[in-house]
Amino acid sequence: MAESNCTQATEFSLTGFTEDPATQVTLFLVFLLTYLVTILGNLGMIVLIRASPQLHSPMYYFLSNLAFVDLCSSTIITPKMLVDFISEKKGIAYAGCVAQVFIFDLFGMTECFLLAMMAYDRYVAICHPLVYPLVMSPKCCFQLVTGSYLVGLTNAVGQTIGMSNLSFCGSRVIDLFFCDISPLISLSTSDTTLSYIILRTPASLFGVSSSLVVLLSYGAIIAAILRISSAEGKHKAFSTCTSHLTTVSIFYGTSLFTYLKPSSDSSGEDKWAMLFYTVVTPMLNPLIYSLRNKEVKEALRRLTK
């Protein structure tokens with residue numbers, strides 16, 4: 001009966017990180033700089049890849065889409081977080097919360113599969129170089145990228161449907177700096193069994209499958225590199241995937257820690273882990289590829305000339 005008299009939430013409150021004004025100003029400046037670097041880095045990577053003929057290859061086609069995904073996922077979270085740092089009221093409308101859940105889950109799962117497709121691309125390039133142009137044709141690359149976005153869309157629709165079935169009759173304070181589906185389920189006063197199933201099933205299915213592609217690809221790559229007799233050949237083969245391996249390690253490491261760690265009372269620790277996953281990682285990806293990749297540095301040097 002109480003559930004039937006529940007008024008649908010129209011707004012949520014976000015706790016953010018701290019209430020200290022001086023600390024909030026410091027965090028605002030730090031994350032404003034982080035966001036500007038994220039925008040410039042990812043936009044610069046997209047423009048560089050499109051403008052440089054030597055980067056018109058499958059690996060950089062995937063990388064340009066990864067930069068676009070990082071740009072979008074960061075933009076749905078960081079600007080709102082920056083506004084909250086300098087605002088007295090840290091609130092977000094229900095519609096804005098739904099939008100954050102949808103877009104964050106869309107691009108988060110898309111990035112998982114883009115990284116998996118990039119691992120598969122490196123596997124074909126190193127283990128089957130003779131058939132690489134045939135296997136990783138432009139049509140195939142387009143289909144792989146489109147499939148990644150469709151998987152992300154499927155995940156986002158599922159999470160949004162799960163959220164739409166929740167009722168919030170009690171507290172509407174989200175102990176985080178943006179709307180994520182997990183704390184929303186914890187706040188709900190309705191039966192959350194179905195929502196948990198909708199949350200966990202696609203996330204586990206898609207997350208595990210993309211992780212397996214990465215693990216199997218790099219398992220085969222390492223085995224192929226170990227069979228190379230010369231040290232120079234081993235170094236050359238491994239150098240073609242060091243940037244991607246670094247990106248994969250950061251992304252999957254932070255995401256696994258964020259979503260699979262045992263629940264605890266250390267909400268502050270969870271916030272900082274989520275911050276690194278959602279705000280810092282999109283900034284690091286273009287830096288990793290620009291600093292560790294000789295082809296990108298060479299293309300940038302030619303373009304600046």
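At 38% relative accessibility, G253 counts as partly exposed, because that class lies between buried, under 20% relative accessible area, and exposed, over 50%, as computed with a 1.4 Å probe on protein chains only. This is a predicted model, in which local features need pLDDT of at least 70 and side-chain atom pairs count only at pLDDT 80 or more, whereas totals for chains, interfaces and linings use all residues. Residues are numbered from 1 along each chain as its sequence is written, and side-chain values use heavy atoms, with hydrogens and water left out.

**Helix α10**

- G253 lies in helix α10, where helices are DSSP runs of H or I with at least four residues, numbered from the N terminus.
- The C-alpha atoms of G253 and C72 are 21 Å apart in space, while the two residues are 181 residues apart in sequence.
- I250 is also placed in helix α10, which covers residues 242-260, and its C-alpha lies 29 Å from that of I92, a residue 158 positions away in sequence.
- Leaving aside neighbours within four places in sequence, I250 is in contact (heavy atoms within 4.5 Å) with F276, T281, L284 and I288.

- Helix α1 (residues 21-51) and helix α12 (residues 294-304) pack at an angle of about 80°, with their axes 10 Å apart; axes are lines fitted to C-alpha atoms, for helices over the stretch in contact, and angles run from 0 to 180 degrees between N-to-C directions.
- The two helices α1 and α12 are therefore roughly perpendicular to each other, a class that covers angles of 65 to 115 degrees.
- On the α1 side the contact is made by M45, L48 and A51, and on the α12 side by V296, A299, L300 and L303.
- L55 is in the loop between α1 and α2 and is buried, with a relative accessible area of 0%.
- Not counting residues up to four places away in sequence, L55 touches L48, I49, Y60, E295, V296 and A299.
- Helix α2 (residues 58-75) has 18 residues and reaches 26 Å from its first C-alpha to its last, close to the 26 Å expected at 1.5 Å a residue, where the expected span is 1.5 Å times one less than the number of residues.
- Since 14 of the 18 residues of α2 are buried, this helix is largely enclosed by the rest of the structure.

**Helix α3**

- D84 is found in helix α3 (residues 78-85), and at 6% relative accessibility D84 counts as buried.
- Beyond the neighbours within four places in sequence, D84 is in contact with L14, K89, K90 and G91.
- F85 is found in helix α3 and, at 6% relative accessibility, counts as buried.
- With neighbours within four places in sequence left aside, F85 is in contact with F17, Q24, L27, F28 and F31.
- The C-alpha atoms of F85 and T18 are separated by 8.9 Å, although the two are 67 residues apart along the chain.

Notes: Parallel < 35°, antiparallel > 145°, perpendicular 65-115°, else oblique.
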